Amino acid sequence: MAPSSRKMFRQNYFGKPYDLRSSSSKSSPNATSSITSATSNNDTFRLELQATCKIAIKVNVLAIDTAHLREELITAKHEREQVFMQRDNITSAHQHLKQGVKVALQCPTCEGVIEQPFTLECRHTFCYDCLVNFFHQCIRVRLSFRPEAILPENFRNHVLPFTLAEVEILCDGEAPILPGRYYHCPTCRAYIHDPPTEIPLLCDMAASITKGLGPDIKRATRGVPMDPAARWAVFFK
């Protein structure tokens with residue numbers, strides 16, 4: 001008996017087991033190449049993504065470093081301005097100090113830096129030579145108010161410094177031409193009864209300050225005789 005058409009159909013299509021691997025490899029060879037290409041593309045994309053991430057991280061780090069450098073630059077500029085300002089303040093203070101020292105050590109008579117400073121009873125300080133010349137001038141002024149008839153010839157138009165003997169004749173004789181020894185301060189016009197006083201501390205301080213401030217301020221010296229009586233014996237008893 002001949003098999004029926006339905007039975008032959010089943011044998012042709014369902015008689016053999018279906019092998020998926022052999023079937024796919026044999027039936028679609030382009031599928032394998034597509035999968036391989038996709039895998040390769042994924043690897044390439046992954047590598048490019050990793051490289052891009054690394055570059056982005058580096059760019060971010062550089063941006064942070066640049067911001068820090070800008071902040072440090074601003075801080076450095078501010079500190080430089082502060083240093084320049086402090087330098088200018090110190091220079092200005094130094095100039096004011098020098099000017100103040102010049103004024104403090106200035107002789108009111110000669111308007112120069114005091115040399116061999118001596119202080120009067122009124123607390124005004126002058127150079128030794130300035131005081132000596134001023135005391136001689138005081139005697140000349142007093143002589144100018146005396147009549148020439150009673151003045152000895154050697155005291156008329158007297159321009160040289162007075163000696164001790166001449167001052168004794170003028171002020172201390174039996175008939176003194178200028179009774180008493182009267183002098184006054186060149187600044188405040190107060191009468192001076194006692195010899196000027198040398199203050200060693202003032203001399204040393206003036207010398208130290210002027211030496212420390214530079215050569216533009218003349219240094220005070222002590223070149224007069226050290227015996228107080230010998231200095232002013234011409235003018236004071």
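**Notebook: salt bridges, core, cysteines and backbone**

I began with Asp-43 and Arg-46, which both lie in helix α3 and are three residues apart, about one turn of the helix. Here helices (H or I, at least four residues) and strands (E, at least two) are DSSP runs, numbered from the N terminus.

Before going on I noted that this is a predicted model, in which local features need pLDDT of at least 70 and side-chain atom pairs count only at pLDDT 80 or more, whereas totals for chains, interfaces and linings use all residues. Residues are numbered from 1 along each chain as its sequence is written, and side-chain values use heavy atoms, with hydrogens and water left out.

**Entry 1: salt bridges**

I searched the whole structure for salt bridges and found three, counting a side-chain nitrogen of Lys or Arg within 4 Å of a carboxyl oxygen of Asp or Glu. For accessibility I call a residue buried under 20% relative accessible area, exposed over 50% and partly exposed in between (1.4 Å probe, protein chains only). On that scale Asp-43 is partly exposed at 37%, and Arg-46 is partly exposed at 44%.

Arg-87 bridges to Asp-88, with the closest N and O atoms 3.4 Å apart; Arg-87 is partly exposed at 48% and Asp-88 is partly exposed at 42%. In the bridge between Asp-172 and Arg-181 the closest N and O atoms are 2.3 Å apart. Asp-172 is partly exposed, with a relative accessible area of 29%, while Arg-181 is buried at 16%.

**Entry 2: the chain as a whole**

I read seven helices and four strands in the protein chain, in the order α-α-α-β-β-α-α-β-β-α-α along the sequence. Of its 237 residues, 24% are buried. The accessible surface comes to about 17500 Å², of which 59% belongs to carbon and sulfur atoms; the areas come from the Shrake-Rupley method with a 1.4 Å probe, and for residues only the protein chains shown count as cover. I then took contacts (heavy atoms within 4.5 Å) and noted that, among those between residues at least 6 apart in sequence, 58% join residues at least 24 apart.

**Entry 3: the nonpolar core**

I define a nonpolar core as a set of buried Ala, Val, Leu, Ile, Met, Phe, Trp, Tyr and Cys residues joined through side-chain atoms within 4.5 Å. The largest one has 30 residues, and those with the most contacts inside it are Phe-135, Ile-139, Leu-143, Leu-170, Tyr-183, Trp-232 and Phe-235. Two or more residues each come from β2 (125-127), α4 (128-144) and α5 (164-172), and the largest share, nine residues, is that of α4. In soluble globular proteins, nonpolar side chains tend to be buried together.

Which residues does Phe-135 touch, leaving aside its neighbours within four places in sequence? I listed Leu-120, Tyr-183, His-184, Pro-196, Trp-232, Phe-235 and Phe-236.

In α5 I found Glu-166, Val-167, Leu-170 and Cys-171 buried. They cover an arc of only 105° around the axis, taken from the directions from the helix axis to the C-beta atoms, so they are on the same side of α5. The buried residues of α5 pack against α4.

**Entry 4: cysteines**

How many disulfides does a search of the whole structure find? The search returned zero, with a disulfide taken as a pair of cysteine sulfur atoms within 2.5 Å. Cys-110 is in no disulfide, as the nearest cysteine sulfur, that of Cys-130, is 3.7 Å away, and Cys-110 is partly exposed at 42%. The sulfur of Cys-185 is 3.4 Å from the closest cysteine sulfur, in Cys-122, which is too far for a bond; Cys-185 is buried, at 0% relative accessibility.

**Entry 5: positive phi**

Most residues other than glycine have a negative phi, and most peptide bonds are trans. Glu-111, although not a glycine, has a positive phi of about 60°; I place Glu-111 in the loop between α3 (29-104) and β1 (117-119), where its relative accessibility of 59% makes it exposed. Arg-189, also a residue other than glycine, has a positive phi near 65°. Arg-189 lies in the loop between β3 (183-184) and β4 (191-192) and is exposed, with a relative accessible area of 52%.
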